[in-house]
Amino acid sequence: MTDEEKFRFDLSGFLVRPAILERDEVDAIVEQIERIHHNPDALPPEHRAVPGGPASVLIDHPKVLDVLHEIIGPDVRMENCFSVWREKGQEHGGLHGGGPQQGDPIFGYRVNNGRIHAGMVRVVFELTDVTKKDGATHFIAGSHKSNFPMHPDHMSLEEDKRSPFLMTYECPAGSAIFFTENLCHAGPVWQRDTPRVAVLNAYAHLATHWHRLRIPPEVLSALPREKQVYFREPWVADFRTSPATINTIERFLNNDEPPVNTDTKP
Ligand SMILES: O=C(O)CCC(=O)C(=O)O
Ligand SMILES: [Fe+2]
């Protein structure tokens, strides 16, 4: 992560890394998502949900981990993942999040001793070219550090009522957009004639877990071991042993413990 990227992320709460994926990676994931949403039976069961199959390249992409290690810390887990096939007129929803939650260990955003400590970080992988008019994810820049609750005057997505701080991005297919979940953001109505195709991953510190995982067990168990690492149990130190056992990547790779269980009923 360059100093400029760090400055930009800290200032605004989001960061675009353009075109980090190869064309063939983008094409394979778009085809997978098209089938997930319209014809899942055409896929093997272990590819019928992200992050399985071609989308698994996103879990531990070096240009993503690089940023996450800088803004979350050296030990990260992936804790949620979903794909989007959004047709014109469809939306995720209005502005949400933001404001004075810095004290919250799950969502909070802090900077200490020159280091960023973000809670949950969302990474959006845009799999088509996106312009600012299309209606991709929008942000109220700086709201991740706001000390007052989000003001209603800044919460509209209507064309003539938008906050001057409402920002979005343009990017080529295969780009990654990082944002702290403490940032006020929205998934507005999609405006383009062709669909928005995207994968949204959420990452957090190894010791925290917000989303209960809903990735189907057959998808998780088919991932290579070095990708299952990102779904290991959320703890750091096990004091049942002396010295304490640390939940490192190496520890997980060197045993046959399954990734965190997705199979339990609500
Ligand atoms: O669909 C979008 O662009 C935004 C999704 C969103 O709100 C989120 O991932 O938390
Ligand atoms: Fe959201």
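Visitor: What makes H138 part of a strand?

Guide: H138 lies in strand β7, residues 138-140, where a strand is a DSSP run of E with at least two residues, numbered from the N terminus. This is a predicted model, in which local features need pLDDT of at least 70, side-chain atom pairs count only at pLDDT 80 or more, and totals for chains, interfaces and linings use all residues. Residues are numbered from 1 along each chain as its sequence is written, and side-chain values use heavy atoms, with hydrogens and water left out.

Visitor: Why is H138 called buried?

Guide: Buried means under 20% relative accessible area, with a 1.4 Å probe and protein chains only; H138 has 4% relative accessibility, and therefore counts as buried.

Visitor: Which residues are in contact with H138, leaving aside its neighbours within four places in sequence?

Guide: Contact means heavy atoms within 4.5 Å, and the residues that meet this for H138 include L95, R162, M167 and H185. The C-alpha atoms of H138 and H185 are separated by 5.5 Å, although the two residues are 47 apart along the chain.

Visitor: How do you know that strands β2 and β11 pair?

Guide: Two strands pair if DSSP finds at least two bridges between them; β2 (residues 76-86) and β11 have ten bridges, in the antiparallel sense, and R77 stands opposite A204 in β11. Strand β6 (residues 121-126) also pairs with β11 in the antiparallel sense, over six bridges, with V124 opposite L200.

Visitor: What makes β11 mostly covered?

Guide: In strand β11, residues 196-205, nine of the ten residues are buried.

Definitions and conventions. Chains lettered and ligands numbered in written order. Buried < 20%, exposed > 50% of the residue type's maximum accessible area, 1.4 Å probe, protein only. Helix = DSSP H or I, 4+ residues; strand = E, 2+ residues; numbered from the N terminus.
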